[in-house]
Amino acid sequence: KESEPVVMPDLNDVILFPNPSKGEVNLTFVKPTGGTMEILLYNSTGKLMGDLSKNAQILGDRVVVRYSNYTLLDGIYIVKVRANGIEKSLKLIIKK
């Protein structure tokens, strides 16, 4: 029996939508093999606004996150995705 190859995520396939958003955020990317995964939302001053990891679901080979927070003020936010030591930051615009 052959062992499966270890797939290291490069996080280049992370999709964040809609953007701009009114407070609802969807995020999807290829599921990392093993290791840990963290998805955090920060405001423009670096304050942690939410842990989106709690909303993560594994659907096949993908991670899907659905998050809603309509109390976020208009502005620019950063979504940081970390998986197996690799980090990707995405800009999220909240506009109501």
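Let us begin with the hairpin that S5 and S6 form, with 2 residues between them; in its turn, Gly60 has a positive phi of about 65°. Strands here are DSSP runs (E, at least two residues), numbered from the N terminus, and two strands pair if DSSP finds at least two bridges between them. This is a predicted model, in which local features need pLDDT of at least 70, side-chain atom pairs count only at pLDDT 80 or more, and totals for chains, interfaces and linings use all residues. Residues are numbered from 1 along each chain as its sequence is written, and side-chain values use heavy atoms, with hydrogens and water left out.

Strand S5, residues 56-59, pairs with S6 in the antiparallel sense over 4 bridges; Leu59 has Arg62 in S6 as its bridge partner. S6 is also joined to strand S2, residues 24-30, by 7 antiparallel bridges, and Val65 in S6 is the bridge partner of Leu27.

I turn now to the open sheet. Its 4 strands follow the order S4-S3-S7-S8, with antiparallel pairing. Strand S4 (48-51) and strand S8 (86-94) are the edge strands, each pairing on one side only. Between S7 and S8, which run antiparallel, there are 9 bridges; Gly75 is partnered by Ile94 in S8.

Finally, where is Asp74 placed? Asp74 sits in the loop between strand S6 (62-68) and strand S7 (75-83). The C-alpha atoms of Asp74 and Lys96 are separated by 6.6 Å, although the two are 22 residues apart along the chain. A polar atom of the Asp74 side chain lies 3.1 Å from the backbone nitrogen of Lys96.

Key: A polar contact is a pair of N or O atoms within 3.5 Å; within protein, one must be able to donate a hydrogen and the other to accept it, and residues adjacent in sequence count only if both atoms are side-chain atoms.
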